[in-house]
Amino acid sequence: MINKKYNEFLPSMQSAEDLVSQVDSLSGNVGLLKSRIENEIQQDLNVATAEFTELKQQLKQNSLVLSVLEQLQESHWEQSKGQA
């Protein structure tokens, strides 16, 4: 009787151990995938931040140039009005 119960229990025990092993392996793979995704996102974020900083600087420079050009245009327009 005990042998019969043991023989019935053993396959389910082995199946459970196999499932635990598969879950452990899958969990490890998920951890690696998560780490790779986080690293790739961090790299992309660093690149985007650098590009944003560069674009912000270019915008600042272009705004200054535009301001100077607007002042020159206004000065020229005022001089043209004075001569007319």
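Helices (H or I, at least four residues) and strands (E, at least two) are taken here as DSSP runs, numbered from the N terminus. This is a predicted model, in which local features need pLDDT of at least 70 and side-chain atom pairs count only at pLDDT 80 or more, while totals for chains, interfaces and linings use all residues. Residues are numbered from 1 along each chain as its sequence is written, and side-chain values use heavy atoms, with hydrogens and water left out.

Along its principal axes the C-alpha trace spans about 120 × 15 × 10 Å. The radius of gyration, taken over C-alpha atoms, is 36 Å, whereas a compact globule of 84 residues would have one near 12 Å; the globule rule is 2.2 Å times the number of residues to the power 0.38. Within helix α1, Arg 36 has its C-alpha atom 34 Å from that of Leu 59, 23 residues apart along the chain.

Accessibility comes next. Accessible areas come from the Shrake-Rupley method with a 1.4 Å probe, and for residues only the protein chains shown count as cover. The chain has an accessible surface of about 8100 Å², and 59% of this belongs to carbon and sulfur atoms. Buried means under 20% relative accessible area, exposed over 50%, and partly exposed in between (1.4 Å probe, protein chains only). Of the 84 residues, 0% count as buried. Arg 36 is exposed because its relative accessible area is 61%.

Val 65, Val 68, Leu 69 and Leu 72 make a nonpolar surface patch of about 370 Å². Patches are made of residues with over 30% relative accessible area and no salt bridge, with like charges joined within 9 Å and nonpolar side chains (Val, Leu, Ile, Met, Phe, Trp, Tyr) within 5 Å. Leu 69 has 48% relative accessibility and therefore counts as partly exposed.

A salt bridge is a side-chain nitrogen of Lys or Arg within 4 Å of a carboxyl oxygen of Asp or Glu. By this rule there is one salt bridge. Glu 38 and Lys 34 form a salt bridge through their side chains, at 4.0 Å from N to O. The two residues lie four apart in helix α1, about one turn of the helix. Lys 34 is exposed because its relative accessible area is 52%, while Glu 38, at 44%, counts as partly exposed.

Ser 12 also lies in helix α1. A polar atom of the Ser 12 side chain lies 2.8 Å from the backbone oxygen of Phe 9. With 41% relative accessibility, Ser 12 counts as partly exposed.

How values were computed: Polar contact = N/O pair within 3.5 Å; in protein donor to acceptor, adjacent residues only side chain to side chain.
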